Amino acid sequence: MNIDLQQLCRNILKKRSMDELIATSKRSELKKTLNVFDLIVIGIGAVVGTGIFTIIGTAIVGSSESVGAGPAIVISMVLAAVACIVPALCYSEIAAMIPVAGSAYTYTYATMGEFMAWMVGWILMLEYAIGNITVASAWSGYFIHFLGGFKHVLPAWVCNFPLWLRYDYRTMSEMCKAYGWDIHDKIPYLFGHIPISINVPAIAIVLVLTLLLVRGVKESTKVATIMVGVNMFMILSFILVGSHYVDQGNWHPFIPVVHPFQGIMMGAFLIFFAYVGFDAISTTAEETENPQRDLPIAIIGTLIICTVLYVCVALVLTGIVPVEFINVNAPIADAMSSIGEKWDWFAKFIAIGALCALTSVLLIYQLGTTRILYAISRDRFLPRSWRAIHKKFKTPHVMTWISGLVVIVCGLFMDLNISAALCNFGTFTSFVIICIAVLILRKTEPNRHRPFKVPFCPWFPFVGIFICGILILFSLKTLKTSSVYFALWLLVGILIYALYGYHQKRIEERGRIIKKSSK
C-alpha cells in the first residue's frame, strides 16, 4: 500500500521539462501568423468590453449580494489593476520562456506537476468558457436594446419578440418574482411540466463566432480588429463628450458612507471581470511569429491602455449620473441619454459600440478556451480526438465546436452575475498559481534565458499572491451562491482527473516505454 501511495504521489507530481514543452510547440500544426499588433488587438478586444458596458454599473451601484463602491469605483479599479499588473509581469516572464499554447495550464505543468496542471486547466475553463456566458448574456441585452431603436422600421415581432426567447429560465423566474407575474403566463411548458426559456440571441452569436474561429485565427483577428476599432472610437467619444457634462457634486461623497471598505473591495472584485482576458494573449503563443519578444509587449501594453480607459470612463460616468440613478444594465448608453435629447442618437451608437466590444470579447474568449483545451487534450487529460486539426483551415475545429457547445448549454441555466463571479474566482486562482510558478522557476531554472524578467523578484510575485488571495477570501465570504458553485466545479475537476485523466496518462507512459523498447 505504501509503494502504491508513493507511486501515486510521484505520478501526480510529474512535471514536463521546459525543453520538452518547447520542442512540442515547434512541432505544432498551428499556423504562426500573429504579430505584436494582432496580439494587442486580441488583448484589448478581450478586456475592453463587458466590464465597461455592463459590470461597471453593478460595481458602482451594488446588487442583492453586495454593496456598491459609488464614485470610489476608481479606487476599486486601481486595486484591480494592481492585482493584475503583477500577474501580468509574471505571465510575460513565463510566456517568453515557454512560448507554448495552454497559458497557465502549461506553465503549471512545468513547475508543479500533472495534477496541479490539470486543475489549473480546469479552473481556466471558469475564466474563459463560463466567463463567456456572462459576455453572451450582456451581448444579448445590448442587441435587444439595439433592435428597439428600429421599432418604427422593423416588424414588431422582430423588435419585441417574446421574453422567453430572450432570457434563460433563472432570469425569467427572477423577473416574474420582481414584477409579480405568473411565470406560467410568460413562458411555455413542454408536456405541461418542462419550462422552455432560452436566450436565442446569445446562442446565435456564439454559433456564428464558433464558425468564424473554425475558419482560422488570422481571419478571426481581422474581425476583432474592426470590432476593437469601433469600440475604441465609441469609448473615447464618450469620454470626450461626457467630460463637458460632469457635475463634480455627483462625486460627493466620493467614498460610500455605509460599508466603505466592503464597497471598495467588492467593487474591485467585480470590476476585476473587466480586466479578465489579457492572459488570453499567452494562449496564442504557438501561433505568434516572434513570441519571446511580442508576448510581453502585448500583455503589458494591453493592461496599461485598458486601465487608463477604465479610470476615465468611471470618472465621467459617475460625474454625469448620480450613483442612485445609474442604469446597471446599460450604464454608458443611459448616461448619454440623460444628458439631453440631442444626444439620444449618440446613445444608440453606444449600443453599436457595445455590441462590437462584446463580440470581440466573445470571439477571443472562445479562442482562449479552444487553445487551452487543445493543450490539455494533447497531454491526454482529454480524448486526443478532440484536438484534431482541420485539413484546410489548420484550426482545432473539433475543440472549437465543443467549447462553443459548452457555452450554449451552460448558458441555458446560468445567469450573468453568477457566471461573472465564477469567472473571477477562476482568474484569481490562476493568477496566484502564475506568481508561484515564477518563484519556482527562479529556483529550479536560475540560469535559463529569460527574454523578460519580473522586476523586484521575489517581492512582486509575493504582492500578487497576497492581493489575489485576499480578494478570493473576501469574496468567498460574500458571494455565497458563486462560492458553492466554485467548490462544486473543483470537485468535478478532481473526479475527472481521478476517473479518466490519471489513467490515460499512465496508458500514454506505458505506450512510450513499449515504443522505446521496440526500437
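Helices (H or I, at least four residues) and strands (E, at least two) are taken as DSSP runs and numbered from the N terminus. The model is a predicted one, in which local features need pLDDT of at least 70 and side-chain atom pairs count only at pLDDT 80 or more, while totals for chains, interfaces and linings use all residues. Residues are numbered from 1 along each chain as its sequence is written, and side-chain values use heavy atoms, with hydrogens and water left out.

Helix 4 covers residues 50–61 and includes Ala-59. Ala-59 counts as buried because its relative accessibility is 1%, where buried means under 20% relative accessible area, exposed over 50% and partly exposed in between (1.4 Å probe, protein chains only). Apart from neighbours within four places in sequence, Ala-59 is in contact (heavy atoms within 4.5 Å) with Gly-68, Ala-69, Ile-73, Gly-267, Leu-270 and Ile-271. Between Ala-59 and Gly-263 the C-alpha to C-alpha distance is 8.3 Å, although 204 residues separate the two in sequence.

Asn-132 belongs to helix 7, residues 114–148, and is buried, with a relative accessible area of 0%. Residues up to four places away in sequence aside, Asn-132 touches Val-361, Leu-362, Tyr-365, Gln-366 and Val-407. A polar atom of the Asn-132 side chain lies 3.5 Å from the backbone oxygen of Leu-362.

Helix 14 comprises 30 residues, 291–320, and its first and last C-alpha atoms are 43 Å apart, close to the 44 Å expected at 1.5 Å a residue; the expected span is 1.5 Å times one less than the number of residues.

Technical notes
A polar contact is a pair of N or O atoms within 3.5 Å; within protein, one must be able to donate a hydrogen and the other to accept it, and residues adjacent in sequence count only if both atoms are side-chain atoms.
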